[in-house]
Amino acid sequence: MPSLSNAAVRDIETVIHPYTNLDAFRGTGPMIIERGEGIHVWDADGRKYIEGLAGLWCTSLGYNEPELIEAATQQLKQLPFSHVFGGKSHERAAELAEKLKASAPHKASKVLFCGSGSEANDQQVKLVWYYNNALGRTKKKKFISRLRGYHGVTVASASLTGLTPNHRDFDLPLDFARHTDCPHYYRYAEPGETEDEFTTRLAANLEKMILEEDPDTVAAFIAEPIMGAGGVVIPPEGYFQKIQAVLDKYDIYMIADEVICGFGRTGNMFGSQTFGIKPDSISVAKALSSAYVPIAAVTVGEDMYQAMIDESKKLGTFGHGFTYTAHPVAAAVAVKTLEIYEKRNIVGHVRAVAPRFEERIRRLGEHSLVGHARAKGLLGAIELVADKETKRSFDAKAGVGAAVQKTAEKHGLILRALGGDIVAFCPPLIVKDTDIDDIFDRTETALNETEAWIAKEGLRDA
């Protein structure tokens with residue numbers, strides 16, 4: 001067992017770490033990050049890393065951005081806390097809501113704030129139920145999401161998530177949630193099936209599910225434009241248009257989960273614009289404040305808002321909200337974040353550097369370990385396989401994806417290994433071409449060293 005620092009030992013004895021093997025962690029301990037600057041972070045031993053996943057898909061403007069620090073500092077001096085319950089408010093709440101309404105990829109009427117993407121999607125469930133109750137559609141309550149989709153970890157949002165580890169032994173998903181096909185052509189296309197045939201089949205399967213469930217009981221469909229934690233799954237061209245046609249046919253509310261894709265990540269302000277999605281509502285978080293302060297939001301259209309008015313008039317109140325809904329410090333930082341996106345033309349910058357990012361990922365697809373390489377904007381992944389021709393995966397117990405992640409860290413690059421030996425890339429949006437080359441040069445080194453380890457251990461034949 002490695003010698004652990006005092007800080008690491010204290011952490012082991014006090015902190016529960018999400019998405020961690022809690023037993024193994026007691027032996028290895030944490031990587032303690034002490035500071036950050038731009039696209040880099042430093043650990044407690046002074047080692048410098050490129051943060052290749054922008055934290056958790058979120059630190060879009062990088063670390064130690066002076067304008068965001070100043071916005072938080074000034075707001076703390078002026079009004080460190082105020083709530084929005086019972087008709088009270090503050091200027092930052094309205095200012096941020098105005099900016100979100102103006103930029104949303106649908107005709108938004110109002111904005112409901114919260115603290116995280118999980119909470120945002122939890123709110124989506126409650127609002128759709130509230131809306132349908134107001135309209136007298138008391139049976140229209142089921143949600144359809146997708147296998148491998150990720151929508152959070154609350155009881156409701158984890159039910160929407162289509163990943164087994166988020167359900168197993170938590171007694172989830174709850175019965176309101178259904179899961180349809182994942183649009184991962186590389187893994188789930190039938191032999192000889194074209195992308196167009198694949199997307200047509202998925203849309204037909206969705207319609208079949210709706211009919212079997214009864215359209216009068218199906219309320220909403222939720223989807224990430226690009227799946228994040230489920231493997232950075234980029235849908236084939238035309239997929240969302242076919243899905244949306246089915247939803248429109250049966251009057252099913254469309255929610256775009258923009259928690260990862262929002263605010264420039266895919267080369268447009270929202271992933272919905274990149275993929276031609278026409279949502280009724282969006283969930284946003286993460287890059288809304290460049291992750292400097294926790295904040296998230298849900299947008300609603302006028303029909304939803306009018307139903308909320310009618311229902312709260314009947315009941316005497318809109319019985320929902322959090323202590324930190326539209327927290328003034330978080331809202332001030334988010335306002336400044338959106339201002340920076342605009343004045344620095346961050347979307348234009350992403351479009352300028354994305355071709356190099358996408359090309360470098362495509363080149364990784366030639367590596368003997370990589371079965372599939374994919375990218376859109378500044379979001380991408382490589383899928384590691386034991387056999388490129390048959391797409392055969394490594395035994396999950398071998399931990400090949402985790403080995404690439406660990407080896408990359410040895411070379412000063414933080415990436416994230418996802419289920420299925422998928423390694424994800426999501427750098428801060430401020431990366432330059434030279435940074436991108438540095439990221440992928442280090443990744444190639446990590447792949448080569450992992451390949452040597454695989455050969456030594458005989459893992460291809462395991």
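Biologist: Among contacts in the protein with a separation of 6 or more, what share belongs to residues 24 or more positions apart?

Modeller: This is a predicted model, where local features need pLDDT of at least 70, side-chain atom pairs count only at pLDDT 80 or more, and totals for chains, interfaces and linings use all residues. Residues are numbered from 1 along each chain as its sequence is written, and side-chain values use heavy atoms, leaving out hydrogens and water. A contact means heavy atoms within 4.5 Å. Of the contacts with a separation of 6 or more, the share held by residues 24 or more positions apart is 70%.

Biologist: What radius of gyration does the protein have?

Modeller: The radius is taken over C-alpha atoms, and the globule rule is 2.2 Å times the number of residues to the power 0.38. For 462 residues, a compact globule would come out near 23 Å. The protein agrees with that, because its radius of gyration is 22 Å.

Biologist: Which box do the C-alpha atoms fill, and how many helices and strands are there?

Modeller: Taken along the principal axes, the box is roughly 70 × 60 × 45 Å. Helices (H or I, at least four residues) and strands (E, at least two) are DSSP runs, numbered from the N terminus. Counted this way, the protein has 16 helices and 15 strands.

Biologist: How much of the accessible surface belongs to carbon and sulfur atoms?

Modeller: Accessible areas come from the Shrake-Rupley method with a 1.4 Å probe, and for residues only the protein chains shown count as cover. The surface of the protein comes to about 20600 Å². The part that belongs to carbon and sulfur atoms is 52%.

Biologist: How far apart are the mean positions of the positive and negative charges?

Modeller: Lys and Arg count as positive and Asp and Glu as negative, while His and the chain ends are not counted. Each charge is placed at NZ of Lys, CZ of Arg, CG of Asp or CD of Glu. With 53 positive and 62 negative charges, the mean positions are separated by 2 Å.

Biologist: Let's visit some residues. Is Phe170 buried or exposed?

Modeller: Phe170 sits in the loop between helix H7 (155–160) and strand S6 (177–180). Buried means under 20% relative accessible area, exposed over 50%, and partly exposed in between (1.4 Å probe, protein chains only). Because its relative accessible area is 58%, Phe170 is exposed.

Biologist: In that loop between H7 and S6, where Pro173 has its place, what is the form of the peptide bond from Leu172 to Pro173?

Modeller: Pro173 belongs to the loop between H7 and S6. The peptide bond from Leu172 has omega near 5°. The form of this bond is cis.

Biologist: Why does Val232 count as buried?

Modeller: Val232 is found in the loop between S7 and helix H10 (239–249). Its phi is positive, about 50°, although Val232 is not a glycine. Val232 counts as buried because its relative accessibility is 0%.

Biologist: Asp214 also has a backbone angle to look at; what is its phi?

Modeller: Asp214 lies in the loop between helix H9 (195–213) and strand S7 (218–223). Asp214 is partly exposed, because its relative accessible area is 29%. The phi of Asp214 is positive in a residue other than glycine, with a value near 90°.

Biologist: Which backbone nitrogen does the side chain of Thr325 reach?

Modeller: Thr325 is in the loop between helix H12 (302–315) and helix H13 (328–343), and Thr325 is buried because its relative accessible area is 5%. Not counting residues up to four places away in sequence, Thr325 touches Val84 and Phe113. A polar contact is a pair of N or O atoms within 3.5 Å; within protein, one must be able to donate a hydrogen and the other to accept it, and residues adjacent in sequence count only if both atoms are side-chain atoms. At 2.9 Å, the side chain of Thr325 reaches the backbone nitrogen of Phe322.

Biologist: Which residues are in contact with Met304, leaving aside its neighbours within four places in sequence?

Modeller: Met304 is part of helix H12. Met304 counts as buried because its relative accessibility is 2%. With those neighbours left aside, its contacts are Leu127, Val128, Tyr131 and Tyr253.
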